Amino acid sequence: MIKLEKVTKEFASEAGKFTALKPNDIHIRKGEFIAIMGPSGSGKSTLLQLIGGLDLPSSGSITVDGVKLNDLNEKERTLFRRTKVGFVFQNYQLLPMMTVAENVALSLAANKTPKAEMNSRVISLLQDVNLEDKQRNFPSQLSGGQQQRVAIARALAMKPRLILADEPTGNLDRKNGEDVLQLLSRLNKEEQMTIVMVTHDRQAAKKADRIILIRDGEVVQGGVEGEDLL
Amino acid sequence: MSLWQNAWRNLMRRKLRTLLTFVSIVIGVSATFGVIASVDTAKRAFPLYLKEAFGKADFTVSGTEAYFPEEVHKEILNLPNVDAVAVLKQSARLRWEQKGISAIEKRVDLSGYSNLDTPLTAFKVTEGNLTSGGAVITDRTAAVWKVSVGDTLSIDTDSGTKEIKVSAIVKYTSDLMGPSSWMMAKYHPWSIAVPLKLVQDWFGLPGKIETVQIKSQTSPEAVQQQADERIKRYGNIYLQPVVIDFDTEAGGINTFYLALYIAGFLGIALSAFVIFNSLFVSIKERKNEFAALKTIGYTTMQLQALVLSEVILLAVVGTAAGLAVGYGFAYLLKAVIFMLFGLLNGGSMLLGKGFAVSALAGILVPIAAALYPIRQAGKVSVIQALKEDASVSSSFKKWQGIAGVVLIASAFFIKHLLLVVPILIGVAMVYPYLFQMFVAMLRPIYGSTFGFSGKVAASNLGRNLGRTSMTSVILCLGIAMIVLMSSLNSALVQSYEKVIYSSYGGNLDVMLHHIEKTDLEDLKRIKGVKDAQTYRVHDAIWTLDGQKRKLPVYGVGAEWIDRFPLYAVTGKKRSELIEDLGPNEILMSKIAYGIWGGKVGDQIELGTLHGTQSFKVAAIVQSMKNGGYGIYMKEDAFIASFGPKYEKNALVLKEEGTSPLELRERIFDQFGVRIMKMFGPEDWVSIVGSAYTGSFAIIDLLIILSVIISGIGITNTLLMNIMERVRELGMMRAVGVTRGQLIRMVMLEGFGIGLAATVVGCVFGILLIYLTSTFLEVNSLTYQFGIPIGIMLIIVSFGILISLVSSFTPASRAAKTRLSEALRYE
């Protein structure tokens, strides 16, 4: 499903060049639930962004679901994200001026999905995350856990095969965090979705099939199957 | 690090925002400086110019016959402490061998002066001298003719072709007014000053003169008495004081100055809005910084000083640049004002007041606009600031809306152009509510027309309502003012045109030196002339507020006034009004009536042949004949009181299909150099039209500058919105929203701000047109309420264009948001 070969990422800053990721090889199978762990600033989020096509590597190649991201232009990467990837963020990133239903429909609307189809998809997604009764609410009227579930519903809108979650439980209490992890687990198990989750939380990471450990931009363990910490 | 260094660094953190705020200060300061300095200079120059142009003499001696003996001049010269010059004017034709120049373009007025070098002529020589007996022409004429001192001019007179060398070129002066090009010479003759003797010889008028101009070196009263005694002996000669018609010459200029001030005020007020907006957001986004500073012991005062130092730094730099730009702007404005009102030389600029006011405004207005944001900076709560994602609610205070409505309503009772001030403030206060309503209406339209981008844009317009509506109201006020000024311009010009054509007395007014018995019949026989009528006019002297003024009196015949209308009335025939007049009764034009200040039935006193005489004002009529300043009386009563035994003017009606220029050319072919002046209603329309259009163009330019400030405001606000929503934008891009959709979204936000401003601005602009149409009189002329659709369409397009242009930079910036950085904000 995901193949990173000798991938590096450098950023230019006023202080000079900064290497966020050193040459790394990572292989992730279809349907795997992966947790990426490592200390702050180790390059976890950068890795997730590269897999999601939010940014391009400085060198090396990334292939996701048979698509070589290095070969895509800006527009093609946008369409790739829209159709193949679902993102879940630590701060949920819901649009505060839009209702729950409108937030979930965001990528469907951007994809010009017909209204009727969009509505039924949104209702079905909200049922999946147990929030069908909240569709007219605004994000500010929901709890953190509920907001994250809306964000997951939004990520699933275009039926992606890959979910990229950046600290999805980072802002949640234990109970709500557990609910969100259950949801991700269910999607992985029942829908065979590939899930890559960045987390600091060892308990959360235990839900994954494999843990990739990163330190100072380098994958130190779990890059390929059989090397993981579990 | 010093306070100022810190301020500078903070300003440089948001370079584009700082630049835009700086530009708005520069525009505001330069508009204020430009307006005050140019208006001050024009105000000082106008009376000086009029005095120089028309008031060099204290008295003139004229005759009831066309000419009188030159001895009169000599008699007056014998008086002590007196300068006097005798003048004889005749029309001639240039002998000019150049292809494509018609006979009518060669008309030239020859003014014979007994002395060319006196304080009464006051020619300012640029080349040559005034004493060698040659011709004197202005620099403007010399440039068109391409002649210089020493060149010979050939002039056709009744007694053959005469030649004269150019002996002096002088600065353009009202005594030697002439056209600015050969093309304009079709409408106005050239002017040359020559020694009196030459005109007398060339035109067979030995010993004859037309007027004597007198200037007293001491007391005018004493000279008047002595001169009166001397000329009495000659009979049919009378002395008139020279009075300057400030009313007719400067008519409407004060309204124009006021409109300029309002436009300048708008510039600085809108700058204040932009500064407030920009600082308000800057403080909001630095809340965490302020909270952190508080935790390490910064006091409220210290935090406020931090922000104040930024404002002062920006204001000082902006004001300095604004003053430099404003200096150039003031010169430009002055040049345009002088050109519009025909001022020739205004001397140096009056910069003091403009400099002081705009410098103070440039420093104090930003500080005043920043007071509230500064206060907010000091009040930052550490706990609140550290709470992430604290929701921002923008609620408007009810009293604000009510006060706004009251202010707008109060404008209905203000019968002065200053009513725009409460209206504009009122609009600013009720605008948030109107904007909310507008956004609610826009939401479904945006959603169905622009899909995803439209839907999100409409939702975004409802966020940060305070900031967004404040940005929008800036443009709205500018639009309302442009609507008012542009409509006023077109409505006034149209009203003038209507009155001019209905009261000019025909299609052409031909002025000969004097009309002889057969002239009227000759005129009627000219091809293209449908009818013609001679009439009498005389400049009488009246005293108003202790000052002597000139008042043109027209002798009107009841039998011809309906065919040759010199005034307009409603409900009665023009001839009936004249027939009803008693011997000592007059009709007064609305403009003269406005200046006089009396009422119908009152008496006015006019200087006549028999001394001062009282006349009863029987009715008021509307007229724009020769500026619309005059009175009308029965012909026989006119002759009895004012005496000229000959007529000079003839009104001409043209046949259908004859053009005004053809008519002029044919009449010129018939009467040639005997014609002193030919003036038609279209000349007045063009003079009035260009003066008003020019005046309004200056005001519009100032308002357009304000609208540009509004555009800056829109850019600023959108940039702030984008910066605040950078994570949202990142998320949108992450879930598959394309750059194009993001650009459309931001452009539609800007478009929405601009559209709301344009629609509401046009509505209030129309209200302003209506309110001003109920009372505003410029030169005693009111105008009809009407909505000029063409102008509105242009303004709407302009408003929309400004909003789209202003949205472009923020939109492309939003699209260029680096996703990895945007999402790293976490």
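How many of the 230 residues of chain A count as buried? The figure comes to 55%, where buried stands for under 20% relative accessible area, exposed for over 50%, and partly exposed for what falls in between (1.4 Å probe, protein chains only). The model behind this figure is predicted, so local features are held to a pLDDT of at least 70 and side-chain atom pairs to 80 or more, while totals for chains, interfaces and linings use all residues. Residues are numbered from 1 along each chain as its sequence is written, chains are lettered from A and ligands numbered from 1 in the order in which they are written, and side-chain values use heavy atoms, with hydrogens and water left out.

Chain A is built from eight helices and ten strands. Helices here are DSSP runs of H or I with at least four residues, strands are runs of E with at least two, and both are numbered from the N terminus. Take the contacts in chain A between residues at least 6 apart in sequence: 68% of them join residues at least 24 apart. A contact, by the way, is a case of heavy atoms within 4.5 Å.

Turning to chain B, an unreviewed UniProt entry lists "transmembrane region" for residues 256-282, 303-323, 354-374, 401-434, 473-493, 696-721, 742-771 and 783-808. Such positions are given in the numbering used here, feature names are shortened, and annotations may be inferred rather than shown by experiment. In the model, residues 256-282 of chain B are 100% helix and 0% strand, and the end C-alpha atoms of this span lie 39 Å apart. For residues 401-434 of chain B, the span is 74% helix and 0% strand, with its end C-alpha atoms 10 Å apart.

Next comes the place where the two chains meet. The size of an interface is often given as the accessible area lost when the parts come together. Between chain B and chain A, the buried area is about 2400 Å², and carbon and sulfur atoms give 59% of it; this is the accessible area (1.4 Å probe) that the two parts lose on being put together, summed over both. Chain B brings 25 residues to the contact and chain A brings 24. Six residue pairs are in polar contact between chain B and chain A, both residues being at pLDDT 80 or more. A polar contact is a pair of N or O atoms within 3.5 Å; within protein, one must be able to donate a hydrogen and the other to accept it, and residues adjacent in sequence count only if both atoms are side-chain atoms. On the side of chain B that touches chain A, α14 (420-461), α22, α23 (739-773) and α25 (819-824) each supply at least two residues. The most comes from α22(B), with six residues. That side of chain B divides into nine nonpolar, six polar and ten charged residues. In this sorting, Ala, Val, Leu, Ile, Met, Phe, Trp, Tyr, Cys and Pro are nonpolar, Asp, Glu, Lys and Arg are charged, and the others, Gly among them, are polar.

Two salt bridges are counted between chain B and chain A. One of them joins A:Glu74 to B:Arg733, at 2.0 Å from N to O. This pair crosses between chains, from helix α2 (residues 74-84) of chain A to helix α22 (residues 726-734) of chain B. A:Glu74 is partly exposed at a relative accessible area of 23%, whereas B:Arg733 is buried at 2%. A:Glu74 also meets B:Arg739 in a salt bridge, at 3.8 Å from N to O.

Other salt bridges sit inside one chain. In chain A, A:Glu178 pairs with A:Lys207 at 3.0 Å. A:Glu178 lies in helix α7 (residues 174-191) and A:Lys207 in the loop between α8 (202-205) and β9 (210-215), so the pair ties together parts that are 29 residues apart in sequence. In chain B, the closest N and O atoms of B:Arg563 and B:Asp531 are 2.4 Å apart in a salt bridge. B:Arg563 lies in the loop between β15 (547-556) and α17 (574-579) and B:Asp531 in strand β14 (residues 529-544), so this pair ties together parts that are 32 residues apart in sequence. B:Arg563 is partly exposed at 40%, but B:Asp531 is buried at 14%.

Strand β14 of chain B also holds B:Thr534, a buried residue with a relative accessible area of 7%. Its side chain makes a polar contact of 3.0 Å with that of B:Glu647.

Notes:
A salt bridge is a side-chain nitrogen of Lys or Arg within 4 Å of a carboxyl oxygen of Asp or Glu.
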